[in-house]
Amino acid sequence: KEMATDSANTQSMGIVNMATGGFTGADAAVEVTLGFTPRRVELINITDKIVQIWTRDMADTTTLNIAADGTATANTSTLVEATDETVDDFRGFHVAAGAAVNAKVYVWTAWG
């Protein structure tokens, strides 16, 4: 069997950054400082069991949303937006107020 790969996107060159964390939503944007520019961010709404995924190959305004029933949809409401030092004063990501719903519990993982 031949397997398709994209070595430019799959090699880590020996350096991989990963960070995890969590927060409780308060209907306000959340700024997560990582110290590195993420290539992938996964935000999980533990309360409602909804996963939002962003990768560097996607537009900053788009996330893949996976609902508790397994339904996957594209969301273009800029729910998760990666940042870097050339755009903002920090390297990390933003979670939009619309994604940080009041009193909902979230966990996240970011890879860079």
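The structure holds 2 salt bridges, a salt bridge being a side-chain nitrogen of Lys or Arg within 4 Å of a carboxyl oxygen of Asp or Glu. This is a predicted model, in which local features need pLDDT of at least 70 and side-chain atom pairs count only at pLDDT 80 or more, while totals for chains, interfaces and linings use all residues. Residues are numbered from 1 along each chain as its sequence is written, and side-chain values use heavy atoms, with hydrogens and water left out.

**Overall make-up**

- The protein contains 1 helix and 9 strands, where helices (H or I, at least four residues) and strands (E, at least two) are DSSP runs numbered from the N terminus.
- Read from the N terminus on, the elements follow the order α-β-β-β-β-β-β-β-β-β.
- Of the 112 residues in the protein, 32% are buried; buried means under 20% relative accessible area, exposed over 50%, and partly exposed in between, with a 1.4 Å probe and protein chains only.
- Among the contacts in the protein with a separation of 6 or more, 57% are between residues 24 or more positions apart, a contact meaning heavy atoms within 4.5 Å.

- An open sheet of 6 strands has the order β1-β9-β3-β4-β5-β6 with antiparallel pairing, and two strands are taken to pair if DSSP finds at least two bridges between them.
- In this sheet β1 (18–24) and β6 (72–75) stand at the edges with a single partner strand each, so one side of each is left without a neighbour in the sheet.
- Neighbouring strands of this sheet are turned by 20° against each other on average, direction ignored, the axes being lines fitted to C-alpha atoms (for helices over the stretch in contact) and angles running from 0 to 180 degrees between N-to-C directions.
- Strand β5 (residues 63–66) pairs with β6 in the antiparallel sense over 4 bridges, and L64 has A74 in β6 as its bridge partner.
- An open sheet of 3 strands has the order β2-β8-β7, again with antiparallel pairing, and because β2 (30–33) and β7 (80–83) stand at its edges with a single partner strand each, one side of each is left without a neighbour in the sheet.
- Strands β7 and β8 run antiparallel and are joined by 4 bridges, and T83 has G92 in β8 as its bridge partner.

**Salt bridges**

- E42 forms a salt bridge with R40, with the closest N and O atoms 2.9 Å apart, and R40 is partly exposed at 29% relative accessibility.
- K104 forms a salt bridge with D48, with the closest N and O atoms 3.2 Å apart.
- This pair links distant parts of the chain, since K104 lies in the loop between β8 (92–95) and β9 and D48 in the loop between β3 (40–45) and β4, 56 residues apart.
- K104 counts as partly exposed at 22% relative accessibility, and D48 is partly exposed as well, with a relative accessible area of 32%.

- Q52 lies in strand β4 (residues 50–55) and, at 9% relative accessibility, counts as buried.
- Leaving aside neighbours within four places in sequence, Q52 is in contact with V41, E42, L43, L64, N65, L79, V80 and A99.
- V105 is found in strand β9 (residues 105–111) and is partly exposed, with a relative accessible area of 37%.
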